[in-house]
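Please look over the sequence and the structure shown here, and then read the briefing that follows, which is arranged by topic.

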Amino acid sequence: MTTAPTASHYIDGSYAEDAAGTAIDIIYPATGEIIGRVHSATPEMVERALASARRAQPEWAAMTGMERGRILRRAADIIRDRNRELSILETYDTGKPLQETLVADATSGADALEYFGGLAASLAGEYIPQPGGDFVYTIRQALGVCVGIGAWNYPTQIACWKAAPALACGNTMVFKPSETTPLCALKIAEILTEAGAPPGVFNVVQGLGDVGAALVNDPRVAKVSLTGSVPTGRKVYAAAAAGMKHVTMELGGKSPLIVFDDATLDDAVSGAILGNFYSSGQVCSNGTRVFVQKGIRDAFLARLCERLSTAKLGDPLDEATNFGPMVSEAQLSIVKRYIAKGIEEGASLAYGGKRQPGPGFFLEPTVFAGVTDEMTIAREEIFGPVLSLLEFDDEEEVIGRANATEFGLAGGVFTNDLTRAHRVVARLEAGTCYINTYNLAPVEAPFGGVKASGVGRENSKEAIAHYSEVKTIHVAMNGVEAPF
Ligand code: NDP
């Protein structure tokens with residue numbers, strides 16, 4: 001299979017190239033080899049993409065929801081038919097094991113297109129009766145041109161999670177993938193065209209932050225949806241605010257996962273593994289602060305290390321591999337610096353911590369025990385396979401410590417005491433909470449953060465409100481009275 005894209009950008013229904021843009025090498029994280037090259041969008045490419053999205057929008061919005069939805073659902077079917085091919089591409093783009101991409105990436109993108117495709121025909125307003133037979137009705141309208149900006153950990157899923165609700169509501173989109181993973185969004189654009197989306201409805205331009213900034217600052221843009229880090233979120237939110245634009249911010253986290261001593265040990269260990277090592281730890285909602293109650297701390301740590309010793313690192317295209325490389329040398333270096341900091345600040349390295357010899361950006365799953373709340377590794381988002389184990393005595397104490405962070409993306413609790421489970425999650429300052437499970441994100445459920453972790457929600461019916469606005473229409477059925 002060839003991984004090199006047909007061209008760098010996808011504009012107005014077809015591939016587009018402008019070799020004058022800075023070259024960006026596409027690197028396969030498992031080997032460090034260059035597998036393709038794209039060019040950053042020049043101002044001309046950005047202009048073409050925005051102009052195309054602007055031109056296409058009124059006509060797209062004028063189609064019925066049924067018609068738009070049918071196109072999105074057709075795209076979902078095509079994605080499912082090509083799941084293996086798209087999963088292999090996702091593995092080349094990100095390095096994530098094929099075992100994982102086959103079930104988590106194109107499939108969840110297809111779910112989003114199917115779900116919002118299904119909702120598109122039902123986007124309706126309200127009828128509000130008034131005295132004397134007068135009434136008010138509301139209609140839900142598209143915002144216009146939306147910009148999507150993606151992180152590198154889920155390039156297919158992020159493109160679909162943004163495109164599906166935006167397009168269902170009658171908006172058009174210009175999407176900029178992370179420059180680290182430029183391949184997958186192009187395929188989604190190609191498939192939307194094949195499914196019947198008119199030219200300009202979904203465009204992709206490549207580039208670094210400067211291209212993202214050019215899109216965000218353009219006056220034709222009505223809404224910006226970013227998946228990225230908190231520092232980038234602050235910049236993008238500020239730029240959008242200057243133009244009074246709508247935003248969705250899906251940002252980083254440092255989520256708590258609380259394990260009480262009555263939890264089913266192996267389930268809690270599974271939760272910690274899913275919440276720290278899936279996608280080599282490069283997941284925003286990860287429960288990287290694992291608070292374990294003192295009574296089961298030793299048993300938990302022993303079982304966790306035992307289970308981690310069965311992780312299979314290696315060729316991500318081998319379906320037996322379940323732990324892949326970091327996405328880039330740069331991300332690997334960031335994570336290694338955090339590991340060094342953890343050791344320096346006195347945490348005890350209980351498992352892993354080393355780079356794997358040989359090519360590629362492989363880092364062992366890593367566990368720190370004896371972590372305290374003030375250590376850097378317990379405060380900052382690492383975005384790699386590093387679990388911090390903290391101990392606690394009682395419920396009140398752990399809730400306070402769990403909430404003592406600027407982030408608020410997710411949180412989890414493992415316990416067999418049902419009332420305690422609900423009591424604890426009710427008090428966690430997080431957009432998504434889990435009881436006796438971790439890191440699920442089905443499209444039917446809202447997803448997003450509180451505090452510095454974000455603004456707005458993706459997925460579910462909630463996302464509709466973030467990609468449309470309501471117009472209110474007052475209708476008089478009687479004569480009009482005036483004071484003079
Ligand atoms: P970054 O914040 O570095 O980048 C995110 C995107 O924003 C990239 O496409 C980047 O371009 C672009 N960008 C950077 N600067 C600007 C700017 N000034 N204006 C417009 N766009 C800009 O995040 P990463 O790609 O490193 O992804 C990791 C982060 O994403 C983590 O913090 C993680 O928690 C978060 N994340 C959040 C999720 C959520 O749903 N809450 C899900 C997944 C990840 P480029 O990188 O090409 O320069």
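## Briefing

Ala 238 is partly exposed, since its relative accessible area is 47%, where buried means under 20% relative accessible area, exposed over 50% and partly exposed in between (1.4 Å probe, protein chains only). This is a predicted model, in which local features need pLDDT of at least 70 and side-chain atom pairs count only at pLDDT 80 or more, while totals for chains, interfaces and linings use all residues. Residues are numbered from 1 along each chain as its sequence is written, and side-chain values use heavy atoms, with hydrogens and water left out.

- Ala 238 is found in helix 9, and helices (H or I, at least four residues) and strands (E, at least two) are DSSP runs, numbered from the N terminus.
- Ala 238 and Val 216 are 22 residues apart along the chain, and their C-alpha atoms are separated by 10.0 Å.
- Met 244 is found in the loop between helix 9 and strand 11 (246-250), where Met 244 is exposed, with a relative accessible area of 73%.
- Although Met 244 is not a glycine, it has a positive phi of about 55°.

**The surroundings of the ligand**

- There are 28 residues around the ligand, and Glu 179, Ser 229, Thr 232, Leu 251 and Glu 381 come nearest; a residue is near a molecule or strand if one of its heavy atoms lies within 4 Å of it.
- An oxygen atom of the ligand is 2.7 Å from an N or O atom in the side chain of Thr 232, and an oxygen atom of the ligand is 2.9 Å from an N or O atom in the side chain of Trp 152.
- A nitrogen atom of the ligand is 3.5 Å from a polar backbone atom of Glu 250.
- On its own the ligand has 920 Å² of accessible area, of which the protein covers 86%; accessible areas come from the Shrake-Rupley method with a 1.4 Å probe, and for residues only the protein chains shown count as cover.
- Two or more residues of the shell around the ligand are given by each of helix 8 (209-217), strand 10 (221-227) and helix 9 (230-242), and the largest share, three residues, comes from helix 8.
- The shell divides into 13 nonpolar, eleven polar and four charged residues, where Ala, Val, Leu, Ile, Met, Phe, Trp, Tyr, Cys and Pro count as nonpolar, Asp, Glu, Lys and Arg as charged, and the others, Gly among them, as polar.

- Among the buried residues of helix 3 are Leu 86, Ile 88, Leu 89 and Glu 90.
- Just after helix 3, Gly 95 takes a positive phi of about 85°.
- Thr 156, which lies in helix 6 (residues 155-168), is buried, with a relative accessible area of 4%.
- The side chains of Thr 156 and Glu 90 are joined by a polar contact of 2.5 Å, a polar contact being a pair of N or O atoms within 3.5 Å; within protein, one must be able to donate a hydrogen and the other to accept it, and residues adjacent in sequence count only if both atoms are side-chain atoms.
- Leaving aside neighbours within four places in sequence, Thr 156 is in contact with Glu 90, Asp 105, Ala 106, Cys 184 and Ile 188, where contact means heavy atoms within 4.5 Å.

**Two buried serines**

- Ser 468 is found in strand 20 (residues 468-475) and is buried, with a relative accessible area of 3%.
- A polar contact of 2.7 Å joins the side chain of Ser 468 to that of Arg 140, and a polar atom of the Ser 468 side chain lies 2.7 Å from the backbone oxygen of Ile 464.
- Ser 460 lies in the loop between strand 19 (454-455) and helix 16 (462-466), and at 3% relative accessibility Ser 460 counts as buried.
- Ser 460 has a positive phi of about 65°, although it is not a glycine.
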